[in-house]
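Here is a friendly walk through one protein model, meant for someone seeing it for the first time. Keep the picture open while you read.

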Amino acid sequence: MGTDNETWVREFILLGLSSDWDMQVFLFVLFLVMYMVTVLGNFLIILLIRLDSRLHTPMYFFLTNLSLVDVSHATSIIPQMLVHLLAAHKAVPFVSCAAQLFFSLGWGGIEFVLLAVMAYDRYVAVCNPLRYSVIMHGGLCTRLAITSWVSGSINSLIHTAITFQLPMCKNKYIDHISCEILAVVRLACVDTSSNKIIIMVSSIVLLMTPFCLVLLSYIQIISTILKIQSTEGRKKTSHTCASHLTVVVLCYGMAIFTYIQPHSSPSVLQEKLISPFYAVLTPMLNPMIYSVRNKEVKGAWQKLLGQFSGITSKLAT
């Protein structure tokens with residue numbers, strides 16, 4: 001971006017969700033509680049996986065990565081939003097806005113690829129169980145996790161650089177709760193058709209491609225489950241995938257609705273409503289989904305709580 005007075009913007013003003021004070025206080029309390037539950041739930045899942053040796057498997061290695069990404073994604077958006085809900089001047093410095101866009105896009109991209117990796121893990125576990133430990137060895141799991149982190153980060157870096165080179169012509173009011181890419185692009189005083197095409201291409205590469213890989217994995221998984229003769233066997237096998245599939249529907253569903261068609265995207269109000277819930281609702285629900293719908297995690301919780309109760313009883317006596 002040039003440094004002349006016509007294009008340089010030193011700070012942006014976020015218009016937020018509402019100008020009504022009572023509503024802002026309500027939203028502050030709501031999202032503060034959701035954010036605290038998100039952070040606590042995901043860190044407890046990470047701690048549980050670290051403490052229980054039965055969960056030291058590829059599936060839970062990827063779940064640890066997912067929890068880290070979820071907390072980071074929520075943290076890149078929600079704390080700032082909470083401050084601005086109670087602040088009179090909702091300004092964000094130019095550099096801070098660029099940083100927020102980079103990190104929020106990066107965490108989102110990492111999550112999309114990571115969910116596809118987790119779908120592949122479930123595919124191998126169900127469709128090729130005898131070779132699971134050979135295929136999903138530690139080296140491959142590490143490389144797949146690194147691929148997720150690197151691809152999401154590179155995509156985010158490219159988008160951030162391109163977006164913040166656009167001349168804003170003193171347009172500094174972002175009609176959003178954060179420095180979200182579509183909201184920032186709308187500020188440009190030049191034709192942004194090329195930017196929207198880049199967003200579309202990126203959405204196809206980093207969102208729809210992993211989504212299609214997830215679909216292919218689950219087509220194979222469902223086909224294998226249907227071939228299992230015993231009802232108990234089908235039920236047990238389907239339970240190993242239920243948690244991940246629920247998370248996939250939540251995550252990809254909201255992201256596709258928001259980003260896959262910029263030219264026919266939802267209204268600005270819908271975008272603003274989707275963004276905070278996408279940033280905090282899915283990360284908040286993920287540990288709950290894996291805790292409630294996964295027998296191994298429930299068993300690990302029961303074991304950990306039993307040990308804690310035993311220690312408490314000894315201390316009391």
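This is a predicted model: local features need pLDDT of at least 70, side-chain atom pairs count only at pLDDT 80 or more; totals for chains, interfaces and linings use all residues.

Residues are numbered from 1 along each chain as its sequence is written, and side-chain values use heavy atoms, with hydrogens and water left out.

**The overall layout**

The protein comes to ten helices and three strands. These elements are DSSP runs numbered from the N terminus: helices are H or I with at least four residues, and strands are E with at least two. Reading from the N terminus on, the order is β-α-α-β-α-α-α-β-α-α-α-α-α.

Of the 317 residues, 47% count as buried. Buried means under 20% relative accessible area, with exposed over 50% and partly exposed in between, using a 1.4 Å probe and protein chains only. As for contacts (heavy atoms within 4.5 Å), take those between residues at least 6 apart in sequence: 80% of them join residues at least 24 apart.

**The sheet**

Two strands pair if DSSP finds at least two bridges between them.

Strand β1 covers residues 11-14 and pairs with β2 in the antiparallel sense over three bridges. With β3, β1 pairs in the parallel sense over two bridges. I13 is a handy residue to look for: its bridge partner in β2 is A91, and its bridge partner in β3 is Y173. In general, strands of a sheet pair through backbone hydrogen bonds, either parallel or antiparallel.

**Helices side by side**

Two packed helices are described by the angle between their axes and the distance between the axes. Here the axes are lines fitted to C-alpha atoms, for helices over the stretch in contact, and angles run from 0 to 180 degrees between N-to-C directions.

| Helix pair | Angle between axes | Axis distance |
|---|---|---|
| α1 (residues 21-51) and α2 (residues 58-86) | roughly 160° | within 9 Å |
| α2 and α3 | roughly 160° | within 9 Å |
| α3 and α7 (residues 193-227) | about 15° | 9 Å |

Angles under 35 degrees count as roughly parallel, over 145 as roughly antiparallel, 65 to 115 as roughly perpendicular and the rest as oblique. α1 and α2 are therefore roughly antiparallel to each other. By class, the contact of α1 with α2 has 23 nonpolar, seven polar and one charged residues. For these classes, Ala, Val, Leu, Ile, Met, Phe, Trp, Tyr, Cys and Pro count as nonpolar, Asp, Glu, Lys and Arg as charged, and the others, Gly among them, as polar.

α2 and α3 are likewise roughly antiparallel to each other. The contact of α2 with α3 has 14 nonpolar, eight polar and four charged residues.

α3 and α7, on the other hand, are roughly parallel to each other. The contact of α3 with α7 divides into 16 nonpolar, four polar and one charged residues. Among the α3 residues in this contact are F112, A116 and Y123, and the α7 side includes L207, V214 and I221.

Now zoom in. S217 lies in helix α7. Is S217 buried or exposed? At 10% relative accessibility, S217 counts as buried. Leaving out residues up to four places away in sequence, S217 touches A119, Y120 and Y123.

E180 is in the loop between β3 and α6 (181-185). E180 is buried, with a relative accessible area of 6%. The C-alpha atoms of E180 and L101 are separated by 6.0 Å, with the two residues 79 residues apart along the chain.

Finally, look for I274 in helix α9 (residues 268-292). I274 is buried too, with a relative accessible area of 15%.
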